Amino acid sequence: MQAQDSVAELLAVRVRTEGATAGDVEEARAEERSVVRTWAMRGTLHLLPSEDVRWILRLIGPTMVRKFRRRHQELGLTPQVYDRAVEVMREVLGEYGALTRRQIAEQWAEHGLPSEGQGVPHLLCRASLEGLICFGPKVGGQATHVLLDSWLGDAPEVTNPGAELARRYVSAYAPTTPEDFGTWSGLPVKDVQRAFESIEDELLKVDVEGIPMWMPQTHAGLLDEAMSGESPTVKMLGAFDPYLLGYRTRDLGVGPELLKRVHPGGGIIRPIILVDGRAVATWARKRSGRKLTITVSPFESLSGEVRERIDREVEDIGRFLGVEAVWEVE
């Protein structure tokens with residue numbers, strides 16, 4: 001099966017859930033508790049379905065904890081320090097229910113534990129990766145942490161977590177490769193290979209500009225849909241969007257000559273505008289009260305058609321945030 005330029009467009013049209021608002025997301029997280037914010041893949045923050053949090057952390061957590069071991073040693077976070085920090089945190093969160101990072105650090109300080117600098121977020125991250133805590137409700141506009149088992153109910157077990165995560169990944173990011181899955185998940189090569197082998201009967205091999213990739217057999221028809229869809233397809237993606245973080249390289253979406261403008265270094269990945277899956281601009285936003293101003297920095301001249309579709313995207317961002325949104329070219 002041959003898949004060429006339509007692949008990048010296919011990826012672009014599937015990156016945003018439409019119709020929701022920022023309030024809906026916060027309600028699902030803090031009130032319904034149907035999604036959870038916590039550290040997971042690659043040791044970075046994610047929003048995960050509540051029923052999936054525990055099995056994903058059991059799969060991902062040990063690898064990420066090993067990955068951060070040297071940094072923990074540099075920060076003086078010995079096993080003894082970590083165990084004592086967890087003991088104190090369990091006690092105070094069990095008593096108060098939800099505490100901010102600063103409040104937890106104050107409790108640690110009373111017991112001679114790290115309470116300032118990078119030691120605090122690293123302790124919280126490790127405890128999250130081990131399934132002990134997660135983010136809870138906001139209090140006074142501040143994020144809090146809660147005990148995971150107190151925050152969530154029971155969840156079904158997954159018999160083969162590696163295969164299930166690979167299955168979900170391919171469904172969301174296809175066409176893709178095992179190497180992409182490894183980069184996205186942070187799992188070791190042997191675990192990635194084992195996971196892909198477990199689901200190989202469910203996959204269809206496609207050719208993308210001479211590169212063998214895989215997609216679910218059930219999604220084969222989407223390639224034809226992408227080729228027959230509206231063009232140009234324009235999407236405005238936020239900073240650190242999964243479209244740029246879900247693959248080993250960003251070549252499909254960002255040309256090598258433009259990469260520094262999107263990923264300037266220092267862990268920064270800027271918001272971008274895609275046209276048919278290709279980055280054509282970065283953008284930045286500034287909010288003042290109920291008004292949001294978006295400044296677009298194009299890599300090339302934007303056609304009238306593209307500008308019209310940017311109008312729609314900006315309007316939708318305003319709808320999502322509940323503000324008036326306008327845009328201008330830098």
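Analyst: Happy to, and let's begin with an open sheet of 3 strands, ordered S4-S6-S5 and paired in antiparallel fashion. Its edges are held by strand S4 (99-100) and strand S5 (133-135); each has a single partner strand, so one side of each is left without a neighbour in the sheet. Please keep in mind that you are looking at a predicted model. To find the pairing of S5 on screen, look for strand S6 (residues 144-147), which runs antiparallel to S5 and is joined to it by 3 bridges. A handy landmark there is Ile-133, which stands opposite Leu-147 in S6.

Now for another sheet. Here 5 strands make an open sheet in the order S9-S10-S11-S12-S13, with mixed pairing. Strand S9 (234-237) and S13 are the edge strands, each pairing on one side only. From one strand to the next, the twist averages 30°. Helix H15 (residues 304-321) packs on this sheet and touches S9, strand S10 (272-275), S11, S12 and S13, while its direction makes about 40° with that of S9.

With strand S11 (residues 278-288), strand S12 (residues 291-298) runs antiparallel, and 8 bridges join the two. S11 and S12 form a hairpin with 2 residues between them, and Gly-289 in the turn has a positive phi of about 65°. With strand S13 (residues 324-329), S12 runs parallel, joined by 6 bridges. In that pairing, Val-296 stands opposite Val-329 in S13.

You will find Arg-33 in the loop between helix H2 (22-32) and strand S2 (35-39).

Helix H3 (residues 53-67) packs against H9 at an angle of about 105°, with the axes 10 Å apart. That angle makes H3 roughly perpendicular to H9. On the H3 side, the contact uses Trp-55, Ile-56, Leu-59 and Ile-60, and on the H9 side it uses Pro-161, Gly-162, Glu-164, Leu-165 and Arg-168. By class, the residues of this contact are 6 nonpolar, 1 polar and 2 charged.

H9 also packs with helix H11 (residues 189-199): their axes come within 8 Å and cross at roughly 75°. H9 and H11 are therefore roughly perpendicular to each other. Here Gly-162, Ala-163, Ala-166, Arg-167 and Val-170 of H9 meet Ala-195, Phe-196, Ser-198 and Ile-199 of H11. The contact of H9 with H11 divides into 6 nonpolar, 2 polar and 1 charged residues. Notice that Gly-162 is named in the contact with H3 and again in the contact with H11.

Pro-175 is found in the loop between helix H9 (161-173) and H10, and the peptide bond from Ala-174 to Pro-175 is cis, with omega near -5°.

H10 leads us to a pocket. The second largest pocket has a volume of about 290 Å³. It is lined by 17 residues, and those closest to its centre are Asp-180, Met-213, Thr-249, Asp-251 and Leu-252. The elements giving two or more residues to this lining are helix H10 (178-185), strand S8 (211-216) and helix H13 (242-245). Sorted by class, the lining holds 8 nonpolar, 3 polar and 6 charged residues.

Tyr-82, Ala-85 and Met-89 of H5 meet Leu-123, Leu-124, Arg-126 and Ala-127 of H7. The residues of this contact are 6 nonpolar, no polar and 1 charged.

Technical notes
Residues numbered from 1 in each chain as written. Predicted model: local features only at pLDDT ≥ 70, side-chain atom pairs only at ≥ 80, totals over all residues. Heavy atoms only, no water. 1 Å grid on protein atoms, 1.4 Å probe; cavity = no way out; pocket = protein on both sides within 12 Å on 5 of 7 lines; lining within 4 Å. Points joined across faces, edges and corners; volume = space filled by probe spheres on them. Helix = DSSP H or I, 4+ residues; strand = E, 2+ residues; numbered from the N terminus. Nonpolar A, V, L, I, M, F, W, Y, C, P; charged D, E, K, R; others polar. Pairing = 2+ DSSP bridges. Contact = heavy atoms within 4.5 Å. Axes fitted to C-alpha atoms, helices over the stretch in contact; angles between N-to-C directions. Parallel < 35°, antiparallel > 145°, perpendicular 65-115°, else oblique.
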